[in-house]
Amino acid sequence: MTEANKDAVDAIAAQWHAVRPDLHTEPMEVFGRIYRIARAMGDEMERAYARFGISRGEFDVVATLRRSGEPYTLSPRQLSATLMLTTGGMTGRLDKLEKAGLLSRKPDPHDRRGLQVTITDRGLALIDEAVTAGLEVQRAALTGLSEDEAQVLGGLLRKLLAGM
């Protein structure tokens with residue numbers, strides 16, 4: 001590897017090798033890079049979605065409704081489970097998104113204690129534009145890889161995730 005190809009994670013690993021040559025830092029290098037990539041892409045996605053007046057977390061709620069298919073309706077409990085959010089965290093997002101006119105909440109006709117959350121026409125139009133913009137950002141981030149490399153990386157990450 002040339003000096004030009006080295007990154008901050010290489011520098012961290014080199015520091016550890018200097019003080020603890022007995023350590024095998026490959027796991028630290030893999031997860032250090034995954035963390036840095038996730039953080040950088042998270043920031044990029046926030047900027048992409050901000051153009052539509054929503055945060056990444058709000059995008060996730062509306063996108064979950066959109067990809068659920070017609071009638072684009074889920075319960076707050078289903079949304080919370082899918083997004084791994086507490087009910088309190090979900091309520092805050094739903095309040096903001098309802099106020100923005102991107103979704104509506106109505107009583108569940110099958111459970112008088114429950115609610116149904118439905119994407120509005122405005123929310124549907126916004127999420128279709130936002131998901132396209134997000135994919136463009138992600139596609140641009142992969143331009144340093146060939147199509148085959150991106151597929152191999154995706155497969156390796158899937159295998160790593162499945163083993164956790």
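Leu-161 is found in helix α7. (Helices here are DSSP runs of H or I with at least four residues, strands are runs of E with at least two, and both are numbered from the N terminus.) Is Leu-161 buried or exposed? Leu-161 counts as exposed because its relative accessibility is 62%. The scale behind these words is simple: buried means under 20% relative accessible area, exposed means over 50%, and partly exposed lies in between, with a 1.4 Å probe and protein chains only.

Before going on, please keep in mind that this is a predicted model, in which local features need pLDDT of at least 70, side-chain atom pairs count only at pLDDT 80 or more, and totals for chains, interfaces and linings use all residues. Residues are numbered from 1 along each chain as its sequence is written, and side-chain values use heavy atoms, leaving out hydrogens and water.

Which helices supply at least two residues each? They are α2 (26-50) and α7 (147-162). The largest share, 4 residues, comes from α7.

**The sheet**

Now look for the strands. They form an open sheet of 3 strands in the order β1-β3-β2, with antiparallel pairing. β1 (73-74) and β2 (103-108) stand at the edges with a single partner strand each, so one side of each has no neighbour in the sheet. Two strands count as paired if DSSP finds at least two bridges between them. In general, strands of a sheet pair through backbone hydrogen bonds, either parallel or antiparallel.

β1 pairs with β3 (residues 111-119) in the antiparallel sense over 2 bridges. Here Leu-74 has Val-117 of β3 as its bridge partner, and Thr-73 stands opposite Thr-118 in β3. Helix α3 (residues 56-67) packs on the sheet and touches β1, β2 and β3, its direction making about 95 degrees with that of β3. Contact means heavy atoms within 4.5 Å; axes are lines fitted to C-alpha atoms, for helices over the stretch in contact, and angles run from 0 to 180 degrees between N-to-C directions.

How many bridges join β2 to β3? There are 6, and these two strands run antiparallel. β2 and β3 form a hairpin with 2 residues between them.

**A buried alanine**

Ala-130 is found in helix α6 (residues 121-141). Ala-130 is buried, because its relative accessible area is 0%. Leaving aside residues up to four places away in sequence, Ala-130 touches Tyr-49, Phe-52, Ile-54 and Phe-59. Ala-130 and Ala-50 are 80 residues apart in sequence, yet their C-alpha atoms are 9.3 Å apart in space.

**Salt bridges**

Side chains of opposite charge can pair when their charged atoms come close. A salt bridge here is a side-chain nitrogen of Lys or Arg within 4 Å of a carboxyl oxygen of Asp or Glu. The structure holds 9 salt bridges, including those in the table.

| Salt bridge | N to O distance |
|---|---|
| Arg-33 and Asp-7 | 2.8 Å |
| Lys-96 and Glu-58 | 3.1 Å |
| Asp-128 and Arg-66 | 2.8 Å |

Asp-128 in helix α6 and Arg-66 in helix α3 link distant parts of the chain, 62 residues apart. Asp-128 is partly exposed at 32% relative accessibility, and Arg-66 is partly exposed with 29%.

Lys-96 has a relative accessible area of 47%, so Lys-96 is partly exposed, whereas Glu-58 counts as buried at 7%.

Arg-33 is partly exposed at 26%, and Asp-7 is partly exposed at 31%. Asp-7, Asp-10 and Arg-33 are linked in a network of salt bridges.
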